[in-house]
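Please examine the model shown below.

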Amino acid sequence: MNPEYVFFSGKGGVGKTSMACTAAVYHADNGKKTLIVTTDPASNLADVFEQPIGHHVTPITGVPNLWAMEIDPDEATREYKERSLAPMRGLFDDEMLKVVEEQLSGPCTEEMAAFDKFTDFMEDDNWDVIVFDTAPTGHTLRLLQLPVEWSKHIRDSAQGSGQTCMGPVALIQDSKQKYDDAIARLRDTGRTQFVFVMQAEQTSLEETSRSIAELAALGVATSRIIVNGLIPEAETVNPFFRKRRDMQQTYLERARQLYGDTPMQTMELLDSEIKGVAMFRTCAPMLFQGGTWNV
Amino acid sequence: MYDVESLLHPSAKGTRQVFFAGKGGVGKTTVACLTAVHTARQGYRTLLLTTDPAAHTGSVLGRKVTEQVEPVDGISGLSAAKIDQKQATEDYKKRILDDARAKFDEATIRAMTEELASPCTEEMAAFQRFIDLSGTPGFDVIVFDTAPTGHTLRLLELPLDWGEQIRLKAGATQGLSEGDRQQKDRFDRVLGAMRDPGLTTFSFVMYPESTPILEAQRASEELAAIGVATQLVVANLLIAEEQATTPFFQKRRKMQLGYLDDMERRFAGAALLRVPMMDSDIRGIDKLDLLDKVVFGGVA
């Protein structure tokens, strides 16, 4: 099997998890063996699927072809950090180790650790579709491409000044082939989709543009943009919400101009949160518009 | 429990710093502008600082905001300045790399350059500019729409400054002891002020829905671990009762009220400020004055 990968990208609160779960349920219901994976500590798959999930691949009740896993970012980061720090113990004094450890506690390390986990799944060919409800950022991908430079640095340092390089460098070296393969798969539009979820408002528009440009610079194309949370026409009987809808339409129009070449679709605001398998099944036809969005 | 007004006013200890934290899109800039207009209208000399790259603050105020601290036309007592995060980051990188070029080989410089491309550097550079600008004398209240994360504050707390850390991480272990310790002393003072609830109010902005609340709680816990308490939480985009005229929005409003309770439970001890959804973007001083009345004046 050659699994398809669907990454959902976007800031917290735009509806990323709802869209990712809807897509996952849709594919499973269409007979594809589907896995949904999250590394987002706040996007609680267990909560939206209304069943315990956790740090292992878990079957979803009521959806025969769907499994889910919540990667515990703290656990993943701890493992990753320990692998990075181990070779340095004994080489540096406590003050320096403390500094390195803190450096390894940053958002970048969490991202790297998360991507490291992603790549494990990207090597797993037991699935038809893998949906990732969090996507790596441009910064993560740049870090992953760096080892070419760093390997030279390590060699030079070893021969020259004898400067000691850091654990993470050695660690990235070990995983280099794995990361190279993962990046190649990310760039393969036949296998990988990058979906951006945004709201029809200024900040979301700016952030989406920034992220799309950053990924494009690294050779990763955006496959689709979902503009989420539009106020339904029927709800504009109240002039207050009519005005808000008009405002949303202005930003939607701006998005259309900005992202003209990328397939774009809109999703309306619903009267409640998108939660539970039944709700995902209700949303699926809206998201896939009768199956026009084919993986 | 704190009272919202006292959290926004200077104390006997001195100038009040108010930070607004929260994810992009939750309305931080609007809430920061609202707060600044509010305290300025109350007669406190107020400085509003922003790092927003898209000059969002300027468009909310309807006034040009530059990189210099300048009075905001039309609101006496209010000044504003923007920190150009990109520029601050470039300056900051240049300073560290220029210094390093004299000491290290090309490969180390390359590794340092990529280390410096991390989001941590942007945060650090912006926060350092904030520290510089917040030293501007003559203000009672300083409002900042971009709060440092727990990670930034932990980096400040470390025995080495950020430039030294970057060199170390890039593999350059020479020259570390020559670091500028004055910078460290300054960071220690700043951290002391951040931990003092008489001087600093740390606030999270969110809208009342599951994900933003959970994210804010996680960030708040990270700050608490370094001794910075969250004293204020702002619930933005609340649907007012009189606007919930259809079953659709009545249902959404009910959901929001449930999450307001959730916020009070999760941020027990913090004051809660409610900011309603308005019918359009908050743009211009008239709109801000109107929102000020609605939020602080007991109008709605």
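## An antiparallel helix pair

In this predicted model, helices H4 (residues 85-101) and H5 (residues 106-115) of chain B pack at an angle of about 165°, with their axes 10 Å apart. The two helices H4(B) and H5(B) are therefore roughly antiparallel to each other (angles under 35 degrees count as roughly parallel, over 145 as roughly antiparallel, 65 to 115 as roughly perpendicular and the rest as oblique). Axes are lines fitted to C-alpha atoms, for helices over the stretch in contact, with angles from 0 to 180 degrees between N-to-C directions. Helices (H or I, at least four residues) and strands (E, at least two) are DSSP runs, numbered from the N terminus.

From H4(B), Leu97(B), Ala100(B) and Arg101(B) meet Ile109(B), Met112(B) and Thr113(B) of H5(B), a contact being a pair of C-beta atoms, placed from the backbone, within 7 Å. The residues of this contact comprise four nonpolar, one polar and one charged (Ala, Val, Leu, Ile, Met, Phe, Trp, Tyr, Cys and Pro count as nonpolar, Asp, Glu, Lys and Arg as charged, and the others, Gly among them, as polar).

The axes of helices H2 (residues 28-41) and H12 (residues 285-296) of chain B come within 9 Å and cross at roughly 85°. That makes H2(B) roughly perpendicular to H12(B). Seven nonpolar, one polar and three charged residues form the contact of H2(B) with H12(B); among them are Cys33(B) and Arg41(B) from H2(B), and Leu288(B) and Phe296(B) from H12(B).

## Nonpolar cores

The largest nonpolar core has 78 residues, and Cys33(B), Leu48(B) and Val143(B) have the most contacts inside it. Such a core is a set of buried Ala, Val, Leu, Ile, Met, Phe, Trp, Tyr and Cys residues joined through C-beta atoms within 7 Å. Helix H2(B) supplies its largest share, seven residues. A second, separate core of 62 residues includes Cys21(A), Ala76(A), Ala200(A) and Val220(A).

Beyond its neighbours within four places in sequence, Cys33(B) touches Leu48(B), Thr57(B), Val60(B), Leu61(B) and Leu288(B).

## Chain B as a whole

Chain B contains twelve helices and eight strands. Of its 300 residues, 49% count as buried (20 or more other C-beta atoms within 10 Å of the residue's own; exposed if 12 or fewer, partly exposed in between; C-beta atoms placed from the backbone). Among contacts in chain B with a separation of 6 or more, 74% join residues 24 or more positions apart.

## Conventions

Residues are numbered from 1 along each chain as its sequence is written, while chains are lettered from A and ligands numbered from 1 in the order in which they are written. Because the model is predicted, local features need pLDDT of at least 70 and side-chain atom pairs count only at pLDDT 80 or more, whereas totals for chains, interfaces and linings use all residues.

Note on methods
Two residues are in contact if their C-beta atoms, placed from the backbone, lie within 7 Å.
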